[in-house]
Amino acid sequence: MAAKADFTEAEWKTMQKGVTGAGTLVSISDSDFTDSFGEASALGKYLAEQHERSDSVLIRDLAHVHGTGFGLTASREKVETETLDALRSAVATLQEKTPDELAADAAQRGIVTRDMVTGKVESWLADAVCLATGGYGNVFFLATYAKGCNATAIWRAYKKGAAFGNPCYTQIHPTCIPVTGDHQSKLTLMSESLRNDGRIWVPKKKGDTRPPGQIPESERDYYLERKYPSFGNLAPRDISSRAAKQACDAGQGVGPGGLGVYLDFADAIKRLGENAVREKYGNLFDMYERITDENPYKVPMRIFPASHYTMGGLWVDYNLMSTIPGLHVLGEANFSDHGANRLGASALMQGLADGYFVIPYTIGHYLASTQQEKVATDHPEFKKAEAAVSERIGRLLGIKGKRTVDSFHKELGHIMWEHCGMARNKKGLEAALQKIPALREAFWKDVTVLGENESLNVDDFRKSARSALRLYFELSSRLGAPERGSPG
Ligand SMILES: Cc1cc2nc3c(=O)[nH]c(=O)nc-3n(C[C@H](O)[C@H](O)[C@H](O)COP(=O)(O)OP(=O)(O)OC[C@H]3O[C@@H](n4cnc5c(N)ncnc54)[C@H](O)[C@@H]3O)c2cc1C
């Protein structure tokens, strides 16, 4: 392991300039978009943390740095040129003086897995890694995602240094079946296609508890048709979700807790006939009836927005490579394509584009143009990662507290939905940033993970990792979510 004493003063200054220059460049790269002071202070905080806590002596020493190495008035071009020069030179120095550290730190050369049945922790060597582990929308606890989809893999990559992009952008889908009570563990999506023929409305009068059939036309607010006459009920997802929330916040919501709006097919049935509607949407109507015990051919469906897709994810370049060389990220797990605006676009398209059209070509380019150091799974970095996994599992099993993993996840989801959901502001985000660390602390004191390491208790392990989703808060607040937060 190298340390400061292994380098000349000039080499050391250049390496530190590479570190601070990279952060400075991010903070000034797009003055219209980036909160320069916020980014600079985040960099300062990050370096202070690395100086205190990094496992690597070299990183601890490098992070002990004051100032940016650039004057206050340095232009973006100057920072960019000098930073890139410093980084290139730093890589050459590290290659020469501490190739082991560079090889382990510089490229993703494999993964460490835990066998979900036997608990065995194992290292897998690779020339490159592709991560396609989906989005982080289950951070809201109630979401349309399958329960098995979690953010553990991208969270680990982020902790290992992969940058995250657009974490504050979540798509909240407008047509989900509303929450029915505390017992629920997920939400069901009704298809978007229903908005082709269904009309969305709420009673004009606040707190109107009359059955929908008894509310005359003149006392209904078809709010999407009223507010957006050209889009009507097909308004984009973010607009439609936000409008539903506004109606419910104003006391016009329907169903239990007032958290629902009607999606009414009465006109479509009158116009097309019940059989035509059944032909188009029969499976969805059946599913709705099974879940709610209400017949949508006779009474309007009730819908409410829910977390459905995350536009943010690990940052990747056009070759789908993250900021860790060799680590490629595909599908919903990355931040590409949809960026901050996945209002009605197709995730399916992203899956196909990334998996079929992009990665088969770009990974070949990476492999062909990269000189791979020879490493094996007995490399100290693999051993260190395996030991860290085993230690964390042992710690989780050893807590033997009183609360289930789900109860923590549910509480986290409540905080997220309340303060970081469809509506966000500075006060709410700050409240969340107070609540999350307290919840995390409680988790590490009072969680119970049932079973032994060698038994099938994976669900608890997978879920427990989610409590680590402080990432969402850390990054969304850094990226200025109060101003730019979007429900779409
Ligand atoms: C109900 C519903 C309906 C949708 N409808 C549409 C639609 O009509 N059109 C559209 O374009 N999009 C739709 N979407 C979105 C789209 O399905 C997803 O964005 C897409 O499936 C994401 O694909 P993916 O391969 O990136 O990730 P996923 O399909 O989420 O797959 C990720 C996989 O990785 C696994 N995984 C996660 N972490 C780990 C780990 N640490 N170790 C090992 N495995 C792990 C997960 O279990 C999962 O199997 C819908 C989504 C939902 C939930």
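Analyst: Let us begin with a term: helices are DSSP runs of H or I with at least four residues, numbered from the N terminus. The model shown here is predicted. In it, α11 gives the most to the shell around the ligand, with three residues.

User: What makes a residue part of the shell around the ligand, and how many residues surround the ligand?

Analyst: A residue counts as near a molecule if its C-beta atom, placed from the backbone, lies within 6 Å of it. The ligand is surrounded by 19 residues, and the closest are Thr133, Gly134, Gly331, Ala347 and Leu348. At least two residues of the shell come from each of α6 (152-159) and α11 (347-369). By kind, the shell holds nine nonpolar residues, nine polar ones and one charged.

User: Which residues of α6 are called buried, and why are they said to lie on the same side?

Analyst: The word buried requires 20 or more other C-beta atoms within 10 Å of a residue's own, and Ile154, Trp155, Ala157 and Tyr158 in α6 are buried. They cover an arc of only 160 degrees around the axis, and therefore they sit on the same side of α6.

User: What makes β5 and β7 edge strands?

Analyst: The open sheet has five strands in the order β5-β9-β8-β6-β7, with antiparallel pairing. β5 (170-176) and β7 (220-221) each pair on one side only, and they are the edge strands.

User: How do you know that β8 and β9 pair?

Analyst: Pairing needs at least two bridges found by DSSP. Strands β8 (residues 261-264) and β9 (residues 301-310) have three bridges in the antiparallel sense, and so they pair. Opposite Leu263 stands Met301 in β9.

Conventions. Residues are numbered from 1 along each chain as its sequence is written. This is a predicted model: local features need pLDDT of at least 70, side-chain atom pairs count only at pLDDT 80 or more; totals for chains, interfaces and linings use all residues. Ala, Val, Leu, Ile, Met, Phe, Trp, Tyr, Cys and Pro count as nonpolar, Asp, Glu, Lys and Arg as charged, and the others, Gly among them, as polar. A residue is buried if 20 or more other C-beta atoms lie within 10 Å of its own, exposed if 12 or fewer, and partly exposed in between; C-beta atoms are placed from the backbone. The arc is that of the directions from the helix axis to the C-beta atoms.
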